[in-house]
Structures are given as structure tokens and as C-alpha cells.
Amino acid sequence: MKKNKAILFIVSTVVNLLLVQIFKIKITFQEVLTVQIFLFSLSFLVDVIQFKFSKYKKITPSHFLIVNFLRILLCVMFLLPIILRHDKSDNIYIYNFFIIYFVYLFSDIIF
């Protein structure tokens with residue numbers, strides 16, 4: 001599973017950078033890498049937490065809700081400085097973040 005996540009990270013980073021260059025989106029290379037690294041780390045952290053929960057004999061739906069709530073909370077904390085600054089060009093950064101975030105969520109469902 002970790003190999004799939006690494007491949008997803010590389011592919012999504014390359015595709016994201018190519019789309020930024022092709023469509024002349026006003027996001028820097030550093031911002032793209034920051035988003036990608038954060039979401040990859042978050043995905044890896046969620047996998048570790050879910051693995052620890054899977055060792056319990058009785059897994060309840062609340063375990064998965066806790067993990068997803070933690071994921072949402074960390075994403076909001078990551079985006080909070082951008083949201084509070086609220087510059088018009090920051091909307092593109094937030095859209096880019098959510099598109100990549102949904103790619104990672106979709107890959108979690110598939111893998």
C-alpha cells in the first residue's frame with residue numbers, strides 16, 4: 001500500500017505541475033510541492049492510525065469517524081493562514097488543494 005501511495009504522490013505531483021504550467025495557473029512550484037507533501041504525509045498518517053485501530057478486536061464506526069475528523073481538522077489548520085489572508089489569488093491555491101485532496105481520498109477508496 002505504501003508503494004501505491006508513493007506512486008500516487010509522484011504521479012499527482014507531476015500532473016499537477018504540468019497542469020499549472022500548461023494553463024498558466026498562478027501557483028508557484030513551492031506551493032504545489034507544499035500541498036503535495038502535506039497531503040501525502042496526511043495520507044500516510046491516516047494509514048498508520050487505521051493500522052493501529054485495526055489491531056483492536058472490536059472496531060466500531062467511531063474509529064473511522066475519529067480518523068476522518070482528524071484528517072479534516074488537519075486540512076483546515078493547514079489552509080487556515082491562506083483563508084484568513086483571503087487574497088483573490090489564494091482561491092486558486094485552495095481549489096488546487098481540494099482537487100488534490102479529493103484525488104487522495106478517491107485513491108484511498110480504490111486501494
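Arg85 is exposed, with a relative accessible area of 53%; exposed means over 50%, buried under 20% and partly exposed in between, with a 1.4 Å probe and protein chains only. Arg85 lies in helix α3 (residues 61-85). Helices here are DSSP runs of H or I with at least four residues, strands are runs of E with at least two, and both are numbered from the N terminus. The C-alpha atom of Arg85 is 19 Å from that of Leu73, 12 residues away along the chain.

The model is predicted: local features need pLDDT of at least 70, side-chain atom pairs count only at pLDDT 80 or more, and totals for chains, interfaces and linings use all residues. Residues are numbered from 1 along each chain as its sequence is written, and side-chain values use heavy atoms, with hydrogens and water left out.

Helix α3 packs against α4 at an angle of about 170°. Their axes are 10 Å apart. Axes are lines fitted to C-alpha atoms, for helices over the stretch in contact, and angles between N-to-C directions run from 0 to 180 degrees. α3 is therefore roughly antiparallel to α4. Angles over 145 degrees count as roughly antiparallel, under 35 as roughly parallel, 65 to 115 as roughly perpendicular and the rest as oblique. On the α3 side, the residues making the contact include Arg71, Phe78, Ile82 and Arg85. Those of α4 include Asp90, Tyr93, Phe97 and Asp108. Contact means heavy atoms within 4.5 Å. By class, this contact has 12 nonpolar, no polar and 4 charged residues. Ala, Val, Leu, Ile, Met, Phe, Trp, Tyr, Cys and Pro count as nonpolar; Asp, Glu, Lys and Arg as charged; the others, Gly among them, as polar.

Helix α1 (residues 2-22) has 21 residues, and its end C-alpha atoms are 30 Å apart. Lys5, Leu8, Ser12, Thr13, Asn16 and Val20 of α1 are buried. Seen down the axis of α1, the buried residues fall within an arc of 130°, so they line one face of the helix. The arc is that of the directions from the helix axis to the C-beta atoms. The face turned away from the buried side carries the exposed residues Lys3, Ile10, Gln21 and Ile22. Cover for the buried residues of α1 includes α2 (29-54) and α4 (90-110).

Asn16, in α1, counts as buried at 6% relative accessibility. Not counting residues up to four places away in sequence, Asn16 touches Val32, Gln36, Asn96 and Ile100. Lys24, which follows α1, has a positive phi, near 55°.

Note on methods. The expected span of a helix is 1.5 Å times one less than its number of residues.
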